[in-house]
Amino acid sequence: MRLEGYEPRFITFADEINRRMPAYVVEMVADALNARERAVRGSRILLLGVAYKPNVADTRDSPALEIFDTLLAKGARIAYHDPMVPWLSVGGERHQSLDWRTLDLAAWDVVLVLTAHASYDWPAIVRGARLVIDTRNATGAIAPQPSNVIRL
């Protein structure tokens with residue numbers, strides 16, 4: 001037996017949560033930086049994965065674009081790496097995915113995981129980064145949870 005009107009309300013509620021998630025992720029980044037006595041403005045933030053879902057090159061409707069744009073507007077120094085997306089247009093500018101082979105994770109204030117591509121070596125990322133904010137539970141298999149990882 002289906003409850004009258006229950007399913008449409010649930011869908012509407014889920015849609016609202018999804019629409020608010022980019023702002024929530026930006027707030028998480030700001031809170032994590034504040035806890036380390038850093039401001040978003042001027043912080044170096046590396047986004048890992050900007051595609052809509054893992055292992056594809058499609059960025060349409062990707063929440064990563066709104067997160068990228070909002071952090072840029074707040075004065076963060078943003079770059080990204082995505083093995084599937086070599087170029088990305090955000091904030092009216094074209095950005096290029098960084099070369100993984102020359103990337104020094106420790107040079108970034110935050111490594112923000114937005115798409116959990118299978119090609120990423122999550123234990124190595126956690127070891128190399130000062131702070132990882134994991135919005136996809138990509139580091140979930142690393143137990144116990146490392147002290148430099150914040151999971152959504």
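Analyst: **Histidine 117 and its setting**

Histidine 117 lies in the loop that runs between β5 and α3 (122-128); helices (H or I, at least four residues) and strands (E, at least two) are DSSP runs, numbered from the N terminus. The model is predicted, so local features need pLDDT of at least 70 and side-chain atom pairs count only at pLDDT 80 or more, while totals for chains, interfaces and linings use all residues. Residues are numbered from 1 along each chain as its sequence is written, and side-chain values use heavy atoms, with hydrogens and water left out.

Histidine 117 counts as buried because its relative accessibility is 0%; buried means under 20% relative accessible area, exposed over 50%, and partly exposed in between (1.4 Å probe, protein chains only). Apart from neighbours within four places in sequence, histidine 117 is in contact (heavy atoms within 4.5 Å) with Gly49, Ala51, Lys53, Pro54, Asn55, Val56, Asp82, Pro83, Met84 and Trp122.

The wider fold comes next. The protein has three helices and seven strands, and along the sequence they follow the pattern α-β-α-β-β-β-β-α-β-β. Of its 152 residues, 41% count as buried. Among contacts with a separation of 6 or more, 53% join residues 24 or more positions apart.

The nonpolar interior can be described in the same way. A nonpolar core is a set of buried Ala, Val, Leu, Ile, Met, Phe, Trp, Tyr and Cys residues joined through side-chain atoms within 4.5 Å. The largest such core has 27 residues, and Ile45, Leu47, Leu71, Leu112 and Ile133 touch the most other members. Two or more residues of this core come from each of α1 (6-35), β1 (44-48), α2 (63-73), β2 (77-81), β3 (87-90) and β5 (110-113). The largest share, seven residues, is given by α1. Isoleucine 45, leaving out residues up to four places away in sequence, touches Val29, Leu33, Leu71, Ala76, Arg77, Ile78, Ala79, Trp108, Val110 and Leu112. A second, separate core of 17 residues includes Trp108, Val111, Val132 and Val149. In soluble globular proteins, nonpolar side chains tend to be buried together.

Finally, the overall dimensions. The C-alpha trace spans about 55 × 40 × 30 Å along its principal axes.
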